[in-house]
Amino acid sequence: MKPVSAWVALGSNLGDRRANLEGAVEALRNADEVEILRVSPWFETRAEGGPSGQPDYLNGCLEASTTLAPHTFLWLLQRLESQFGRDRGREVRNGPRPLDLDLLFYDELELAGPELVLPHPRLEERLFVLEPLCTLAPELVLPRSGRRVRERVAELRAARRAPGTLVRCADPEAARRWCEARRAEGARIGFVPTMGALHEGHLGLVRAALAENDLACVSVFVNPLQFDDPRDFAHYPRQLDRDAHLLASAGCSMLFTGTLAEFFPESADGSVPRRDPGPAAEGLEGALRPGHFAGVATICARLFELVRPARAYFGEKDFQQCLVVQHLAGALGFPGIVVCPTAREEGGLARSSRNQLLAPAEREQARALSQALFAARAAWREGERDPARLEALLAAELGRAGVAVEYAEVRDPERFGERPRGPLARARALIAARVGRVRLIDNLDLAGVEPGATR
Ligand code: AMP
């Protein structure tokens, strides 16, 4: 018989849990006609159902290759459970057990027999199975929901934090204490810094944080240090209650805010010492908005110190900001920076809190930014590699719409500080333009693919 792939979930909450799980893997490794391909890390999880107060589980999963028939493979798993002390005849329903082995998938077999149902019928509801599975096969499509494993994990994590359980911390010190307590409980915090007036772009970052961490935490602070234009600061939309509602529905655990004086209590006279934002701050936004990236680096460093997240999430929409923050995180030694794709409105306009300041006709005009970027991508796809010609194309598209261009440039992302001269091997096009009184930015990887398209 040709070997097939079989996935097994492992769990233990009685005796030496790790030794039980590792012993079971070893026994399977030594079994005839079974080869272990990969084993997930072990996950500590709360027992679900069954008697209250039972110990926490250690869970994992593995992929094996086997020539055993499905029922024979199941029998092998059950025999191992008894060898490790499990007595199915005498145990309490969902009670503690030294070893639990469930067959999740056996190749693509679908079966609904009295002894064996495949794929495992409760697999898609069980975070304690899907989390380990996600470390090995995040893109695997689950047969019942049609969702990928990583998507289902994100959904279940969000559902577990029922909407409405958002904690609001009114000042940074309260947020620091809350984060410290969560970290002491072993939680990995995914952090999303924002200036509020949240939209689908921000919520995408929250969902990414939930998918990769135990909880998500968001800051909303319109940071005066990063505004070079006092009118822009004054008009920036502020809507904290609406933000809190959106975050609660998205499964976010904590939202905090504060004043400049609360974030920097040591600078009582109001003059906060700025951080050097590093080389990525030079040119483009850095040139047109003096002090902007120093303000960004200063607040991000303070936010990271307060939250101490495992990872922090930023949007590719602010491409140069991502470079500055990656440099900062490298210098601080934490956190991991995750860059998420730009969320766009139908028609291509990059989502931005500032879009709500656009009048309907201006919104129409603003679409020119993304149209220019996608036109440059189309030219790139046709083989255009000359930066000057790509920039001319951007300028022509923007000129047609009559927006006031501040820059429309093409850069090699790996030599971001330089204006490219020769033909490009990689290219990112970046635009800043004013539409009415609103300043908008957008950018695109010209060699990238449209969402949903294949290369
Ligand atoms: P802001 O509130 O504008 O400071 O943005 C907070 C975070 O959300 C930053 O990391 C932004 O890059 C990110 N962000 C803003 N707009 C979008 C978008 N349309 N898509 C993805 N991320 C975004």
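Asn-94 sits in the loop between helix H2 (70-83) and strand S5. In this predicted model, Asn-94 has a positive phi of about 55°, although it is not a glycine. With 12 C-beta neighbours inside 10 Å, Asn-94 counts as exposed, because the limit for that class is 12 or fewer.

- H2 has 14 residues, and its first and last C-alpha atoms are 20 Å apart, close to the 20 Å expected at 1.5 Å a residue.
- Phe-73, Leu-74 and Leu-80 are the buried residues of H2.
- Seen down the axis of H2, these buried residues fall within an arc of 120°, so they line one face of the helix.
- The cover over the buried residues of H2 includes strand S1, helix H1 (17-30), strand S4 (57-66) and S5.
- Gly-85 follows H2 and has a positive phi, near 100°.

- S5 and strand S1 (residues 4-12) run antiparallel and are joined by 6 bridges.
- Within this pairing, Ala-9 has Asp-102 of S5 as its bridge partner.
- S1 and S5 are also both among the elements that cover the buried residues of H2.

**Helix H14**

- H14 covers residues 387-401, and its 15 residues should span 21 Å at 1.5 Å a residue; the end C-alpha atoms are 22 Å apart, which agrees.
- The buried residues in H14 are Pro-387, Leu-390, Leu-393, Leu-394, Glu-397 and Leu-398.
- They cover an arc of only 130° around the axis, which puts them on the same side of H14.
- Helix H13 (360-381), strand S14 (404-411) and strand S15 (428-435) are what the buried residues of H14 pack against.
- On the face of H14 turned away from its buried side are the exposed residues Ala-388, Arg-389, Ala-396 and Arg-400.
- Gly-402 follows H14, with a positive phi near 75°.

**Ligand shell**

- The ligand is surrounded by 17 residues, the closest being Thr-194, Gly-201, Phe-314, Gly-315 and Arg-351.
- Helix H6 (200-212) and strand S12 (311-315) each supply at least two residues of this shell.
- H6 gives the most, with 4 residues.
- By class, the shell divides into 6 nonpolar, 8 polar and 3 charged residues.

- Most residues other than glycine have a negative phi, and most peptide bonds are trans.
- Leu-284, which is not a glycine, has a positive phi of about 45°.
- Leu-284 is placed in the loop between helix H9 (260-263) and helix H10 (285-288).
- Leu-118 and Pro-119 are joined by a cis peptide bond, with omega about -15°.
- Pro-119 is found in the loop between strand S7 (117-118) and helix H3 (127-136).
- Phe-334 and Pro-335 are joined by a cis peptide bond, with omega about -15°.
- Pro-335 lies in the loop between helix H12 (319-332) and strand S13 (336-340).

**Whole chain**

- The chain contains 14 helices and 16 strands.
- Of the 455 residues in the chain, 38% are buried.
- Taken along the principal axes, the C-alpha atoms fill a box of roughly 75 × 55 × 40 Å.
- Among contacts between residues at least 6 apart in sequence, 67% join residues at least 24 apart.

Key:
Residues numbered from 1 in each chain as written. Predicted model: local features only at pLDDT ≥ 70, side-chain atom pairs only at ≥ 80, totals over all residues. Near = placed C-beta within 6 Å. Nonpolar A, V, L, I, M, F, W, Y, C, P; charged D, E, K, R; others polar. Expected span 1.5 Å × (residues − 1). Buried ≥ 20, exposed ≤ 12 C-beta atoms within 10 Å, placed from the backbone. Arc of directions from axis to C-beta. Contact = placed C-beta atoms within 7 Å. Pairing = 2+ DSSP bridges.
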